[in-house]
Amino acid sequence: MKILVDGKEISLPEGIGTINDLLRHVGKNREELVVVVNGEITIEENPLHEGDSLKLIRAVSGG
Amino acid sequence: VKNLFCGCGEKAIYRRRYSGQVFCRNCFNQYFERRVLETIRKYRMTERGERIGVGISGGKDSTTLLHVLNKLKNRLGVSLHPILIDEGIQGYRKSGIEAAEESCRSLGLELTTASFNQETSHTLDELQRTGDQKPCTYCGVLRRKLLNQTAIESGMDKLATGHNLDDEAQAIMMNYLSGDIERLHRLNGNTTNPNMLKRMKPLSLIPEKEVMIYALNNKLTISADECPYAKHNHRTKVREFLNALEADQPGVKFSIISGREKLINSTAPRGTNIQTCQVCMAPTARNICRACELTEEIKIKMSAANIGTAD
């Protein structure tokens, strides 16, 4: 399955079915991100589909 | 695997892992605004007729705070007066100022601004280039002082800031790490000294991620720029540590907050002698407060480095 993450196309290996799986795969902490899929804020437990476009928005700020 | 839905039947946008609740866009907004109102009431943060200064930076926390307080102001019987501090950070602060101005315009609120440059004759960029302290030390101490001073001069009764649950849990953990139990007692910082305005933190029981979801869900104009000095910050390491813990054990940040409340209720502060600063009259544990000490240090340092001042 191919999806877009922050504008970059990536091919997902077998076994990655949800957004949460993807975040673990790319080493991101779900506590520090809000995930937007095809323009909508989405729960990390939701499944990914071919051609989905994801934005990973940093929820934490420094300073 | 199927999509999750809110109890009302709409597609869910958020799942609170520490409680298992699932929310759609509308139910999330209702939950969030109710949570802020409950926090204000729980800690008796406001009284009817009060003028509330709201510290605003244009970031997600303070912008969300201003918009939610604006929805609640009639119920609470208070008026809102946003205050912005321009630290003088090139390439960072400008987008925050523009976002804050846009929020104030859209809500019909008048924005009061003050700056490090007016107060010390130097921007934070200049201070960090020449001074001995880390930029976050100058920024934290001087911004707090300037917010307080501007709010008092503007006739405010209270000062509201956008600190969220994560900020509070980080502050508590940093005090534990430095063994500073006295500071744990002083964390809410409310004194009866007329030179220190009572502070309120209506987002202090809401996780940072939920604040960002509210800002995005309501399409608020926010600055997403990261402060260039944040990487120098000890807090950043504590934040990453706590978020790693929270990912494994949802609710750990709430436990830190409730643990601190139990601790301060069961231990008396060791009687730190709170005095009045000999320069600015603000409450302090020493003869001269940290802000005045830093301001004096800046004058000496800048003078030695031959960097001109406005006066």
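Where in chain A is Asp6(A) found? Asp6(A) sits in the loop between strand 1 (2-5) and strand 2 (8-11) of chain A. This is a predicted model. Chain B holds 12 helices and 9 strands. Chain B and chain A bury about 2300 Å² between them.

- Most residues other than glycine have a negative phi.
- Asp6(A) has a positive phi, near 50°, although the residue is not glycine.
- Asp6(A) is partly exposed, because its relative accessible area is 46% and that class runs between 20% and 50%.
- Asn38(A) also has a positive phi near 50°, and is not glycine.
- The place of Asn38(A) is the loop between strand 3 (33-37) and strand 4 (40-42) of chain A.
- With a relative accessible area of 48%, Asn38(A) is partly exposed.

**Chain B as a whole**

- Chain B contains 12 helices and 9 strands.
- The radius of gyration of chain B is 20 Å, close to the 19 Å that the globule rule gives for 311 residues, so chain B is as compact as a globular protein of that length.
- The C-alpha trace of chain B spans about 65 × 45 × 40 Å along its principal axes.
- Of the 311 residues in chain B, 49% are buried.
- Take the contacts in chain B between residues at least 6 apart in sequence: 74% of them join residues at least 24 apart.

**Where the chains meet**

- Chain B gives 30 residues to the contact, and chain A gives 22 residues.
- Carbon and sulfur atoms carry 53% of the area of about 2300 Å² buried between chain B and chain A.
- There are 5 salt bridges between chain B and chain A.
- A salt bridge joins the side chains of Glu226(B) and Arg58(A), at 3.5 Å from N to O.
- On the side of chain B that touches chain A, the elements giving two or more residues are strand 1 (14-15), helix 2 (60-76), helix 9 (208-217) and helix 10 (234-248).
- Helix 10 of chain B provides the largest share of that side, 7 residues.
- The residues on that side of chain B divide into 12 nonpolar, 4 polar and 14 charged.

**Asp61(B) in helix 2**

- Asp61(B) belongs to helix 2 of chain B.
- Why does Asp61(B) count as buried? Its relative accessible area is 12%, and the cut-off for buried is under 20%.
- The side chain of Asp61(B) makes a polar contact with the side chain of Lys60(B), at 3.2 Å.
- Another polar contact links the side chains of Asp61(B) and Asn164(B), at 3.0 Å.

**Helix 9 of chain B**

- How many of the 10 residues in helix 9 of chain B are buried? The count is 9, and the helix is mostly covered.
- The buried residues of helix 9 include Glu208(B), Val211(B), Met212(B) and Tyr214(B).
- Lys219(B) follows helix 9 and has a positive phi, near 50°.

**Asp167(B) and Gln170(B) in helix 7**

- Asp167(B) lies in helix 7 (residues 165-177) of chain B.
- Gln170(B) has its place in helix 7 of chain B too.
- An α-helix has 3.6 residues a turn, so residues three or four places apart point the same way.
- Asp167(B) counts as buried at 16% relative accessibility.
- Gln170(B) counts as buried at 3% relative accessibility.
- Beyond its neighbours within four places in sequence, Asp167(B) is in contact with Gly162(B) and Arg235(B).
- Gln170(B) touches Arg235(B), Val238(B), Arg239(B) and Leu242(B), leaving out residues up to four places away in sequence.
- Asp167(B) and Arg239(B) are 72 residues apart in sequence, yet 8.3 Å apart in space, C-alpha to C-alpha.
- Gln170(B) and Tyr138(B) are 32 residues apart along the chain, and their C-alpha atoms are separated by 19 Å.

Methods. Residues are numbered from 1 along each chain as its sequence is written. Chains are lettered from A and ligands numbered from 1 in the order in which they are written. This is a predicted model: local features need pLDDT of at least 70, side-chain atom pairs count only at pLDDT 80 or more; totals for chains, interfaces and linings use all residues. Side-chain values use heavy atoms; hydrogens and water are left out. Contact means heavy atoms within 4.5 Å. Buried area is the accessible area (1.4 Å probe) that two parts lose on being put together, summed over both. A salt bridge is a side-chain nitrogen of Lys or Arg within 4 Å of a carboxyl oxygen of Asp or Glu. Helices (H or I, at least four residues) and strands (E, at least two) are DSSP runs, numbered from the N terminus. Ala, Val, Leu, Ile, Met, Phe, Trp, Tyr, Cys and Pro count as nonpolar, Asp, Glu, Lys and Arg as charged, and the others, Gly among them, as polar. Buried means under 20% relative accessible area, exposed over 50%, partly exposed in between (1.4 Å probe, protein chains only). The radius of gyration is taken over C-alpha atoms; the globule rule is 2.2 Å times the number of residues to the power 0.38. A polar contact is a pair of N or O atoms within 3.5 Å; within protein, one must be able to donate a hydrogen and the other to accept it, and residues adjacent in sequence count only if both atoms are side-chain atoms.
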